[in-house]
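Please take a moment with the structure shown below, and then follow the paragraphs that come after it, which go from one part of the chain to the next.

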Amino acid sequence: MRPHHPHRPLAYAVAGVMTLTLLLGACTGSPEPTASSSSSSSGPSSLPTAQPPEPDQTEPDQTEPDQTEPDQTEPTTTAPGATLAPEELPRVDHPVSLPALMREEVRAGPIERTGRLGGTERWTGHAVTYTVDGATVSGELLVPTGEGPFPALVLNHGYIDPAVYTLGRGMSREQEWFASNGFVVLHTDYRGHAGSDPVDEVGRETRLVYTRDAIGAVRALEQEPYVDAERLGMVGRSMGGGVTYNALVAVPDLVDAAVVFAPVSSSFVDNLRQFTEPNRPEGARAFYDRFGTPQESPGFYRALSSRTFFDRVRAPVLIHHGSADDTCPPAWSRRTQTLLRRAGADSTLVEWQGEGHAFGPRFADSMRRTVRFLRSRLDM
């Protein structure tokens, strides 16, 4: 297992985000499943998690890198496996960028339990808050029964309209499955959601503040005595997959393994064109008026695309994508897999034939595969 060191400082902070009024909803065409959604109503109580999951007998094929032509957000050319010293970090050309975030030291406060939620004989749930650079972020914490310390996971949910979002929504099935299998789970709400503090428009639309909140969730878990800070992972779904990619390039030693389900593109421009331009053209125009179009300001958009910095990925990555996903095209994950491999990352793409964006019939299989991956990569 790659060495893991809690409370690792980043380099020096770069200030600020600006304000902008627009709405960008990654994967808005199919909001993430909730506990009440028909596509996700079967939680672990109806899934085989009472015992450690058995290996699948019908594994899907692992997808090989595709041969798609290079695009405008190719990874940087640092040698695979090389570690950038602070002075070798990518240049900051704009404060709204991943290179700027790479230089920030994201500070988190301890996890405060604000209420008791559900539970089973295997785990207990709590409503919680933690702070990220002084801002309050709410979430849901599930802690396995026993003494610990336990391996821990941060869960990054997909897009749900903040106006209807409620505490811990979006990955209820995954929360309970992981907790039933011995993982502490912190499902973060992101700023602007549930009980979290507000978020400015640019921080939300670029997902940079969401990324800070995910990084802060890891930092908060590291402080908990029931958490094994040497065994930390991150799991993201849909938009949360993009947040996960951002976190992996912003802080290469943040976690020891990462899993994404039906993720958005690792190209910021892909997501703008897929969701913003057709659904909120006035929002796209406002964004382009402020920052320029991708043709006018290609460097700005490259610096918001995680794939530009895939040479910084150190954690092994498992990508799940359904072949019938009509919200986040499977080709996005094929391209991301190609670029991760090209940059020297340890990445595996699993395509699930016939599965859509939310995963249905093969959800249990995908979770068994995920738990095996995490147990292997976290030396459990």
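P278 has its place in helix α6, where helices (H or I, at least four residues) and strands (E, at least two) are DSSP runs, numbered from the N terminus. With a relative accessible area of 52%, P278 is exposed; buried means under 20% relative accessible area, exposed over 50%, and partly exposed in between, with a 1.4 Å probe and protein chains only. If its neighbours within four places in sequence are left aside, P278 is in contact with L272 and R273, contact meaning heavy atoms within 4.5 Å. This is a predicted model, in which local features need pLDDT of at least 70 and side-chain atom pairs count only at pLDDT 80 or more, while totals for chains, interfaces and linings use all residues. Residues are numbered from 1 along each chain as its sequence is written, and side-chain values use heavy atoms, with hydrogens and water left out.

Helix α6 (268–279) is also one of the elements against which the buried residues of α7 pack, together with α3 (201–205) and α8 (298–302). In α7, which spans residues 281–291, the buried residues are G283, A284, F287, Y288 and F291. They cover an arc of only 130 degrees around the axis, which puts them on the same side of α7; the arc is that of the directions from the helix axis to the C-beta atoms. An α-helix has 3.6 residues a turn, so residues three or four places apart point the same way. The exposed residues R285 and D289 are carried on the face of α7 turned away from its buried side. Just after α7, G292 takes a positive phi of about 90 degrees.

Strand β3 (residues 135–144) is largely enclosed by the rest of the structure, because 9 of its 10 residues are buried. On one hand, β3 pairs with strand β2 (residues 123–132) in the antiparallel sense over 10 bridges, two strands being paired if DSSP finds at least two bridges between them. In the hairpin of β2 and β3, 2 residues lie between the strands, and D133 takes a positive phi near 50 degrees. On the other hand, 4 bridges join β3 to strand β5 (residues 184–188), and these strands run antiparallel. Which residue of β3 is the bridge partner of H126? That partner is L141, and L141 in turn has L186 as its bridge partner in β5.
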